[in-house]
Amino acid sequence: TDLYKYREDVYALYAKYALIHKNLSLDFGVRMEHSYISPKSSNNPERNQSNSYTDVFPEIGLNYTWDRKNGHNINLGYNRGLGRPHMDYLNPLMRRVGEYNYSTGNPLLKPTYYDIYTLTAVLFNKYTLNVRYNYSNDGILGVTENRNEILYSTYTTGFNRSWLTAHIDIPLKIQK
């Protein structure tokens, strides 16, 4: 076991502005964020690593309403996101997973930055199509190394990751 202490402080400042002209609106904003992450392991103090990050994250959205009376509109958006490593990914304690399998965290992990593109279409103010594409070129990935028939797993960064999600919301009334 390990007396593992994890501290994460996040301070953020937001600014957003919107322009509206008839059926078209444009909103843009920025978020400035300062994060301080301090994981502390009592068993492996030599691997304790505190990190702080200060970053600016832009966002922009464009909305077009082609039929206000019936509630039809489409929205395109972009924003920059941040994924901090989970505390388990940072914990340097070597854990036995199985007879020939060990796992440890990596206290040197950096956060992952994402570019997020969205498309949302709404019909009749209730039917919604959402499409979202995320991309990162510094994603966190679990890696395993075989050393003399014993597997050691940890985490590292620097991998391209992308995914596309889509869903449709159709509210149904199932009773009066």
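Reply: A residue is called exposed when its relative accessible area is over 50%, buried when it is under 20%, and partly exposed in between. Lys 16 has a relative accessible area of 58%, so Lys 16 is exposed. The model is a predicted one, and every value here is computed from it.

Lys 16 belongs to strand β1 (residues 5-21) and Asp 27 to strand β2 (residues 24-40), so the bridge ties together parts that are eleven residues apart in sequence. Asp 27 counts as partly exposed because its relative accessibility is 22%.

In total, the structure holds seven salt bridges. One of them joins the side chains of Arg 7 and Asp 9, at 2.7 Å from N to O. Asp 9 has 17% relative accessibility and therefore counts as buried. Another joins Glu 33 and Arg 31, at 3.2 Å from N to O. Here both partners are buried: the relative accessible area is 6% for Glu 33 and 17% for Arg 31. Some bridges share partners, and in this way Lys 16, Asp 27 and Glu 59 are joined into one network.

Next, the rings. Arg 147 lies over the face of Tyr 152, 4.2 Å from the ring centre. Eight aromatic pairs are counted. In one of them, the ring centres of Tyr 114 and Trp 163 are 5.5 Å apart and the planes stand at 75°, so this pair is edge-to-face. Tyr 114 is in strand β7 (residues 112-123) and Trp 163 in strand β9 (residues 150-169), which makes this a link between distant parts of the chain, 49 residues apart. Tyr 114 is buried at 15% relative accessibility, whereas Trp 163 is partly exposed at 31%. Tyr 78, Tyr 117 and Tyr 133 form one aromatic cluster.

Last, the core. Six residues make up the largest nonpolar core: Tyr 4, Ile 37, Tyr 53, Leu 90, Leu 109 and Ile 140. Setting aside neighbours within four places in sequence, Leu 109 is in contact with several residues, among them Tyr 53, Leu 90 and Ile 140. The contacts of Leu 109 also include Asn 51, Pro 85 and Thr 156.

Terms used
Residues numbered from 1 in each chain as written. Predicted model: local features only at pLDDT ≥ 70, side-chain atom pairs only at ≥ 80, totals over all residues. Heavy atoms only, no water. Core = buried A, V, L, I, M, F, W, Y, C linked by side-chain atoms within 4.5 Å. Buried < 20%, exposed > 50% of the residue type's maximum accessible area, 1.4 Å probe, protein only. Contact = heavy atoms within 4.5 Å. Phe/Tyr/Trp six-rings, centres within 6.5 Å; stacked < 30°, edge-to-face > 60°. Helix = DSSP H or I, 4+ residues; strand = E, 2+ residues; numbered from the N terminus. Lys NZ or Arg CZ within 6 Å of the ring centre and 35° of its normal. Salt bridge = Lys/Arg side-chain N within 4 Å of Asp/Glu carboxyl O.
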